[in-house]
Number of protein chains: 6
Amino acid sequence: MPYVNIKVTEEGVTAGQKAELIKGVTELLAKVLGKNPATTVVVIDEVHTDNWGIGGETVTVRRQRGQ
Amino acid sequence: MPYVNIKVTEEGVTAGQKAELIKGVTELLAKVLGKNPATTVVVIDEVHTDNWGIGGETVTVRRQRGQ
Amino acid sequence: MPYVNIKVTEEGVTAGQKAELIKGVTELLAKVLGKNPATTVVVIDEVHTDNWGIGGETVTVRRQRGQ
Amino acid sequence: MPYVNIKVTEEGVTAGQKAELIKGVTELLAKVLGKNPATTVVVIDEVHTDNWGIGGETVTVRRQRGQ
Amino acid sequence: MPYVNIKVTEEGVTAGQKAELIKGVTELLAKVLGKNPATTVVVIDEVHTDNWGIGGETVTVRRQRGQ
Amino acid sequence: MPYVNIKVTEEGVTAGQKAELIKGVTELLAKVLGKNPATTVVVIDEVHTDNWGIGGETVTVRRQRGQ
């Protein structure tokens, strides 16, 4: 029954990587808390680098500086 | 003043269905809790089936199996 | 499979009212989008009036003015 | 270490405005709570006007009426 | 830089289990997407069983039936 | 009409500081995007330091080390 939301920047995450994240986090909740995988929901949000800020600036600007 | 967020998979939800969800949930909050519809906010997120997991796998994979 | 999050101020919402909200929103998603109630998840967050702002001020202050 | 999520309707917000929001909210948290800007995360979600409801109707419908 | 939110029912999750979830999900994001653990944020929300609905009813009611 | 959610660790944030955050972020959205303060909603979540992770560990553990 858990609900997990993963937010990452939109920078070429593949369908295979998404499947791996969903499988991994579902297994983690089963292992640590005994949660039933059948009702564990995982939602992945990919966020444009213009829309993600850290350190007071956008990730777009950081990437331009090579960070 | 309530805030409601509805997340569903991105599978052809029409503008009419979205309007119906917004109207229905706003009326529900007025009826059950006496909340003022004028300040009830509803946000609908449509999520790609690759980005939605349940049972440890993506909805894309489940749809391919006919689930 | 939908996920719904309802946020309201923490002002004496009863267990019965919460059950009514959960039932109502689950039925709405089944009626409008044909979603399966068995996997529809609803999470209600009750937020202290000090922590909810509208119009640039807290709900606590608005309640003191009788709003 | 704070996390801030800003949701607005998708109506031509520019990259410059997003950068200004991220800078402003990061500075606000530093000023009011002494939070470290380096680990303050801000995520902006732009939501289609069909998917945003207020007053029981979509913003699309309100915009058509000139609201 | 990822942000992860894990929501589970409030049913005696220990500080040790929370630490294990945080460590596990941070490692998963490093392994699958190469994300830097230093800026990976994880927030765990524990939700009262009265406030969590699935199948149109609260988890409180389900637990009373032994589910 | 914007909706803003601010998450910080639960470490003695006062009602006055919350009011200041709500006022500041509402003014920022009016200044940068011309948003109407009357319908700008801000919700502040205070999260226990056991439930907030960064760098793969809880804030509780970091605070014990003086970070």
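This is a predicted model: local features need pLDDT of at least 70, side-chain atom pairs count only at pLDDT 80 or more; totals for chains, interfaces and linings use all residues.
View 1. Residues are numbered from 1 along each chain as its sequence is written, chains are lettered from A and ligands numbered from 1 in the order in which they are written, and side-chain values use heavy atoms, with hydrogens and water left out.

**View 2. Chains E and A about a two-fold axis.** Chain E is superposed on chain A by a rotation of 180 degrees with 0.0 Å of shift along its axis, at an RMSD of 0.0 Å. The two copies are thus related as by a two-fold rotation axis. The same surface serves both copies, since 100% of the contact residues of chain E recur in chain A, contact meaning heavy atoms within 4.5 Å. Of the residues of chain E, E:N5 comes closest to the rotation axis, its C-alpha lying at 2.6 Å.

View 3. Chain B and chain E do not touch, and their nearest C-alpha atoms are 14 Å apart. Chain A and chain F likewise do not touch, with their nearest C-alpha atoms 14 Å apart.

View 4. The structure holds one cavity of 30 Å³ or more, a cavity being a set of points, on a 1 Å grid over the protein atoms alone, where a 1.4 Å probe fits but cannot get out. The largest cavity has a volume of about 300 Å³, a volume being the space filled by probe spheres set on the points, which are joined across faces, edges and corners. Of the 18 residues that line the largest cavity, A:N5, B:N5, C:N5, E:N5 and F:N5 are the closest to its centre, and lining residues have an atom within 4 Å of a point. The elements that give two or more residues to this lining are β1 of chain A, chain B, chain C, chain D, chain E and chain F, strands being DSSP runs (E, at least two residues) and helices DSSP runs (H or I, at least four), numbered from the N terminus. By class, the lining has six nonpolar, six polar and six charged residues; Ala, Val, Leu, Ile, Met, Phe, Trp, Tyr, Cys and Pro count as nonpolar, Asp, Glu, Lys and Arg as charged, and the others, Gly among them, as polar.

View 5. A search of the whole structure finds 36 salt bridges over all chains, each a side-chain nitrogen of Lys or Arg within 4 Å of a carboxyl oxygen of Asp or Glu. In chain F, the side chains of F:D45 and F:K7 meet in a salt bridge at 2.8 Å, N to O. This pair links distant parts of the chain, with F:D45 in strand β2 (residues 41-47) and F:K7 in strand β1, 38 residues apart. F:D45 counts as buried at 17% relative accessibility, and F:K7 counts as buried at 7%; buried means under 20% relative accessible area, exposed over 50% and partly exposed in between (1.4 Å probe, protein chains only). In chain E, E:E11 forms a salt bridge with E:R63, the closest N and O atoms being 2.7 Å apart. E:E11 lies in the loop between β1 and α1 (15-33) and E:R63 in helix α2 (residues 59-64), 52 residues apart. At 36% relative accessibility, E:E11 counts as partly exposed, and E:R63, at 36%, also counts as partly exposed. In chain B, the closest N and O atoms of the salt bridge between B:R65 and B:E57 are 2.6 Å apart; B:R65 is partly exposed at 48%, and B:E57 counts as partly exposed at 22%.

**View 6. The surroundings of D:M1.** D:M1 is found in the segment before β1 (3-9) of chain D and is buried, with a relative accessible area of 12%. Leaving aside neighbours within four places in sequence, D:M1 is in contact with D:N36, D:T39 and D:T40, and with F:T9, F:W52, F:I54, F:V59 and F:R63 of chain F.

Note on methods:
Copies are superposed by least squares on the C-alpha atoms of residues with pLDDT of at least 70 in both. On a 1 Å grid over the protein atoms alone, a cavity is a set of points where a 1.4 Å probe fits but cannot get out, and a pocket is an open set with protein on both sides within 12 Å along at least five of seven lines; lining residues have an atom within 4 Å of a point.
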